[in-house]
Amino acid sequence: MNNLWGIYTIWYRDLLRFWRDKARMVTSLAFPLLFLVVFGSGLSGSMGMLAPGVNFSKFIFPGIIGMTVLITSFMSGVSVVWDREFGFLKEVLVAPISRVAVAAGKTLGGATIALIQGTLILVFAPLFGVTFPLKILPQLLPVMFLVACALSAMGIFLGSRIKSMEAHQAVMQLLMFPMIFLSGVFFPVNNLPLWMNVLVKINPVTYGVDSIRQLVLGAEPAAALGITIFGHTMSIAEDLMIVAAFGVLMVVLAMWSFGSQE
Amino acid sequence: MSKSHIIEVEHLVKKYANLAAVNDVTFSVEPGEIFGLLGPNGAGKTTTINILCTLSKPTSGKALINGFDIVRQQGQVRQCIGLVFQDPSLDERLTALENLDFHSRVYNIPASLRAERTEQVLKMVEPWERRRDVVKTFSGGMKRRLELARGLLHHPRVLFLDEPTLGLDPQTRNRLWEFILGLQKTEGTTIFLTTHYMDEAEYADRIAVMDYGQLIALDSPEVLKGMVGGDMISLSTTDDQKAQTELKERYNIQPEYDDGQISFEIADGSRFIPTLIKGLKTEILSISLRRPTLDDVFLKLTGHRLRDEAVRSEFKEIVRQMGRHQRRR
Ligand SMILES: Nc1ncnc2c1ncn2[C@@H]1O[C@H](COP(=O)(O)OP(=O)(O)OP(=O)(O)O)[C@@H](O)[C@H]1O
Ligand SMILES: [Mg+2]
């Protein structure tokens, strides 16, 4: 009970800060929205069909959602570095709430913010000529949240390990761009050269993006673009299992990391 | 270890690389006591506090708070302590109220008490009207006061105050001390204090003096002052150098020299002054006699004056805030 209360308190503060920082909200949406403009209406005519009924704009939209969730979740770790820099982390670490609850609250906070950002992309999408069936929302939002939790946990874990602002920024860039580009956000992941194929398939983000894409496009066309491992095409459930397994690992690491903070 | 001590420290050591910031420290604190830890900058005071409040692990040695081990029972230790850190630790993006609210929640202050306590501490240290302002817009002193308010909010068993009044105006310092002393009286709170202000150190029931990571004295302020013995005479002359040599050679006195003042201790000061005025070749500009203060004790033990340390700490604070400003740009 105490722990739940602690998780809530940590979560609430992160959301409050997010809400105060409208500039961050807008700037972190700018990048994905730019992609939507360029690929959604601008480029898609010249790219042809990627699968039956799927032009480039349709293809990339779920990827952009995934990317938004990824970037926001990942950056949630910066709040830990920031708190350390400004001393607030001490207030948290010396408080009588368990470190497990701190890590959980932080992860959920980051994931909630990522979900909000992802949802904003969904809201803005029609403005850029991208549509999706509304009836998938009850499935899509939980899937986005699961992906967000897994990646937030990773962000929080890294944020709690890396002590300086500069180093954190460097590591984030070093990890984030490959994870975006090698995840099938921008191109279908079948028929890739071997080295790329391997990297794509060990990238957990790939499975998150694939599950979102299968939901948005429907199973039929998505299957043609889907991920195959040893001849087996991944279903949404299998994708999500991989994401969840990765998420559990990261949450455990984040909890351990907070537990051993000095 | 006896049960009656609220803080119990045995052979505590903390090493950073090859520097022993805390070097084999042993002491204990009684429940309800005001315990002052004094020492020059870098003596290891903050490090000691960090270890006691579970923020940092000792390299070796042992410490108990309220009977709980600071390494193996961190949860229980955190439950019974409160802290005012030397360095800033507020969330500057939140308002004053939100900062206090976060604290009340993580410290499990019952909802029925929360509003009342918040108002009480805020009114003591803060312009109450600014409670809904974002902390970033506060002045340095206001932030410090908010930090104090937060530390007092949950009425802990043991309250660690690491240079709590650094950079505060005298009125606020007085009000704060009233509150702290009140808390000690009504709730039996144990206060563990570091300070560079002599008048604050006088509030302590016992004082430990730390230097280079080791305790070099531990006793009540009265006994410590007794260590200096006799009276303190300070004088300034036209040639302090020469006057000191004279004192050494003629009267066999070992004077300290600090900030344009020659000072020394002497058994019967009021009788010695006429002798000195008649006897000293160097012309005396001023002379004064007083009972020894903690400042004299500190000077004798560490070779620094407390007053300098206070100035130095304040200077450090300014430099730090400047650095922070630059980084933020
Ligand atoms: N994280 C750290 N890494 C390395 N050295 C450290 C660290 N923290 C403290 N020290 C060193 O330990 C020594 C004691 O520092 P500490 O902060 O405990 O001093 P202090 O008595 O609180 O001084 P002040 O009056 O300036 O606050 C100093 O020499 C300091 O440089
Ligand atoms: Mg200190």
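## A first look at the two chains

Let's start with one residue, B:Ile7: setting aside the neighbours within four places in sequence, B:Ile7 touches B:Phe27, B:Ser28, B:Val29, B:Leu52, B:Leu64, B:Val158, B:Phe160 and B:Phe192. Keep in mind that everything here comes from a predicted model.

Several of those names come back when you look at the nonpolar cores. The largest nonpolar core has 111 residues, and B:Ile7 is one of those with the most contacts inside it, along with A:Phe61, B:Phe27, B:Leu52, B:Ile65, B:Phe160 and B:Phe192. Helix H7 of chain A, residues 137-161, gives this core its largest share, 13 residues. There's also a second, separate core of 41 residues, with B:Val121, B:Val135, B:Ile207 and B:Val209 among them. As a general point, nonpolar side chains in soluble globular proteins tend to be buried together.

Now step back to chain B as a whole. Chain B has 329 residues, and 53% of them count as buried. Its secondary structure comes to 12 helices and 14 strands. If you draw a box along the principal axes, the C-alpha atoms of chain B fill roughly 70 × 45 × 40 Å. How much of the contact in chain B between residues at least 6 apart in sequence joins residues at least 24 apart? The share is 70% of those contacts.

Next, the place where the chains meet. On one side are 25 residues of chain A, and they are in contact with 32 residues of chain B. The area buried between chain A and chain B is about 2900 Å², and carbon and sulfur atoms give 54% of that.

The interface has charged and polar pairings too. Five salt bridges are found across the interface of chain A and chain B. In a salt bridge, the side chains of A:Glu91 and B:Arg150 meet at 3.4 Å, N to O. Across the interface there are also seven residue pairs in polar contact.

Which elements of chain A give two or more residues to the side that touches chain B? They are helix H1 (2-20), helix H4 (78-86) and helix H5 (88-93). The largest share, nine residues, comes from H1(A).

Here is that side of chain A sorted by class:

| Class | Side of chain A that touches chain B |
|---|---|
| Nonpolar | 13 residues |
| Polar | three residues |

Technical notes: Residues are numbered from 1 along each chain as its sequence is written. Chains are lettered from A and ligands numbered from 1 in the order in which they are written. This is a predicted model: local features need pLDDT of at least 70, side-chain atom pairs count only at pLDDT 80 or more; totals for chains, interfaces and linings use all residues. Side-chain values use heavy atoms; hydrogens and water are left out. A nonpolar core is a set of buried Ala, Val, Leu, Ile, Met, Phe, Trp, Tyr and Cys residues joined through side-chain atoms within 4.5 Å. Buried means under 20% relative accessible area, exposed over 50%, partly exposed in between (1.4 Å probe, protein chains only). Helices (H or I, at least four residues) and strands (E, at least two) are DSSP runs, numbered from the N terminus. Contact means heavy atoms within 4.5 Å. Buried area is the accessible area (1.4 Å probe) that two parts lose on being put together, summed over both. A salt bridge is a side-chain nitrogen of Lys or Arg within 4 Å of a carboxyl oxygen of Asp or Glu. A polar contact is a pair of N or O atoms within 3.5 Å; within protein, one must be able to donate a hydrogen and the other to accept it, and residues adjacent in sequence count only if both atoms are side-chain atoms. Ala, Val, Leu, Ile, Met, Phe, Trp, Tyr, Cys and Pro count as nonpolar, Asp, Glu, Lys and Arg as charged, and the others, Gly among them, as polar.
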